[in-house]
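Me: Let's go through the ring contacts in this one, please.

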Amino acid sequence: MNFGVGIRKVALGTLAIASFFAGGSAASAQVVTGELGSPSATTTVNGKQLPASPPPFGGVIKETLDGSKTWWPPRIVPPKGAPNILLIMTDDQGYGVPGTFGGVIPTPALDRIAKAGLRYIEFNSTALCSPTRAALITGRNHHSTGFGVITELSTGFPGYNSIIGPENATIGRILKDNGYATSWFGKNHNTPDFQYSVAGPFDQWPSGMGFDYFYGFMGGETDQWTPYLFENNRQVFLWIGKPGYNLITDMADKAIDYMKGLKAAAPDSPWFVYYVPGGSHSPHQPKQEWIDKFHGKFDMGWNAMRDQIFANQKRLGVVPANAKLTPWPDSLPTWDSLSPEQKKLFARQAEVYAGYTAYTDNEIGRVIQQVEDMGELDNTLIIYIDGDNGTSPEGTLSGTPNQWTAYNGILDFPIADQMKFYDAWGSAATYPHMAVAWSWAFDTPFKYTKQIASHFGGTRQGLAISWPGHIDDPGGVRPQFHHIIDIVPTILEAAGIQAPEYVDGIKQKPIEGVSMLYTFKKANANAPTTHHTQYFEMVSNRGIFQDGWFANTTPPHGPWILNAPLPSPTDYKWELYNLNEDYSQYNDLAAKMPDKLKEMQKLFDHEAAKYNVLPLDNRSFARAIEPRPSSTAGRTVFTYTGVNPGIATANAPSILGKSYTITAEVEVPQGGGKGMIATVGGALGRMGIVHPQRQAGIQLQHAHPRSIPMGRQGGAHSRQAHDHLRLHL
């Protein structure tokens, strides 16, 4: 038998195998350990092309086993000295929330990282959830990755379609293909909501974006007692039958168990854990003992709290000595103007928010402690970002025990009705949010809140980074201006890994952020920032930074006034600030320096065209009902048979703003029966068809006639194993 070219003997050395992995580039980036072909051999990869091209077989193949020689391809590992990476980000926490940055809520886990490493006082987000998260995991601006706004408001433009795209490989994918074990715990707001389906596609689920393991919830928020929970690509209901269950603790337990497993299975292999809990996004739902810790702590009110936070910030040095506290807005009430009943209710709202924030930080602390318990703390880069945007204003002027009321345009929940939920606030019987005046105060010393990209109340985040042995100024404060897109290049430089030019054969967009690693040296404590220019935009509120100057639009009104009439984005007023002298955007120089303002406006226009910011669209939540692609797009008849739990909203029939009929064929047991036939939504906002007890027929029931959201707590459900349901639009 003639094997022709199949009979060969190849002896590959370090240089030869390097050329295969590097795609022909210089071999100096490759490091091979062990004898090539042996089961223990490892190699780094050049990383220019991912995944690395497999090397040719280097053994000997004869006609029979006699004379043949085995050869194993080397296992890919990160460069020597590459650290474990724990990337943490909380939710809806502005700059003045954590005690680490002057807030009145203790955050000892964040304190721990700050004391062991550095605090950054000019670090910025995009002002909204999924845009910040897309920028964080890709190192590119949010519009560059299709996330100019949250996926629930996506539109069919490149900067707004919520499609990250294969040309924007995530940090998970880059690290995975360089030999890291990768995982994601908590919030996933970066899968298009029209792809929440068991049918996929899964390319923009965590598993498709380079994460070996995912455990968390889909979308912007979830009930922490009964979450919309997934393990990898499968919805799970692990909270059933577990009294006292809360996702904040469950997440920490899962991450700890996962890291223990990695340590046992591959103790020398670096890992990347992306840990992003839902705290403190609404609903604010901590365990009761955490609420109790803050009883009476907010009776002083939001104005006095704001003064206290600012004094703390000055004392800690997390605002410059010359920083000024921006004025309280006329559109929000002062604490002294409130009635005793209002003060009691609003103080309760803040107690629950504070308990939720402290509880979240405590569970993060357990994860960090596990890193130390495994003996890995000195070899772990820990990045802890406090909040993905400013504190949320979505609770309206008076707060609400059920956030879905605000989402459905009910902006004035009567105080007397809210007081009925006083004792239950934060429990499974509520889905609560707080009054917006608290949110403004928690963003001290800045103006505005989440959603507002033009002012630092919406974008300034507390950041702490630790890496023992690599930061020579533990406890230091860094004043350099940086942005969420700078985290990926910082991680890559720390790991000694380059950003790929090609992934799966697709040319990659350049990383748009810059590394912050230079700030780790005490000699660079006050060095000029390397991030020279950065645009900001969210729902037409705009800003542009360049080397200490900042120009921005003035919001026509507060974001808590939902879907109110707005002027054209081109008619917004502009402001101008010299941040080198004015940390908090206190002194508007627009009238004094019109030429400088025009220069900055021109720069914004250039950046907007470059990064897919156009077209500007200020419709806000009105975009929620826009048609989007899905496997059901264009369908007008939906038929379900049997039990179908968890049908994703995007793949269920939308009954918003249209007429429809629902017909159900059911088998009623002898003697009658009762039960749910079909439902959309969750416990605090749903539409349902029920069969009443001992009676044939169908009844359409709205649990909350004024609030019928498409659900994030299980989606649509079709019940009764032998029944049929048909909906016509």
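**Ring contacts**

Reply: Arginine 542 lies over the face of tyrosine 572, at 5.2 Å from the ring centre, where the test asks for NZ of Lys or CZ of Arg within 6 Å of that centre and within 35 degrees of the ring normal. The model is predicted, so local features need pLDDT of at least 70 and side-chain atom pairs pLDDT 80 or more, while totals for chains, interfaces and linings use all residues. Residues are numbered from 1 along each chain as its sequence is written, and side-chain values use heavy atoms, without hydrogens or water.

Me: Which ring does the charged end of arginine 348 sit over?
Reply: That of tyrosine 422, with 5.2 Å to the ring centre.

Me: Switching topic, how many aromatic pairs are there?
Reply: The search of the whole structure gives 37, counting Phe, Tyr and Trp rings (six-membered for Trp) with centres within 6.5 Å, and calling planes under 30 degrees apart stacked, over 60 edge-to-face and the rest tilted. Tryptophan 302 and tryptophan 335, for instance, are edge-to-face, at 5.0 Å and 85°.

Me: Where in the chain are those two?
Reply: Tryptophan 302 is in helix α7, tryptophan 335 in the loop between α7 and α8, 33 residues apart; helices are DSSP runs of H or I, at least four residues, and strands of E, at least two.

Me: Buried or exposed?
Reply: Both tryptophan 302 and tryptophan 335 are buried, meaning under 20% relative accessible area with a 1.4 Å probe. Phenylalanine 456 and phenylalanine 550 form a tilted pair, 5.0 Å and 50°, linking helix α12 to strand β20 across 94 residues, and both phenylalanines are buried.

Me: What cluster holds Phe456 and Phe550?
Reply: An aromatic one, whose members also include Tyr95, Phe101 and Tyr583.

How values were computed. Buried means under 20% relative accessible area, exposed over 50%, partly exposed in between (1.4 Å probe, protein chains only).
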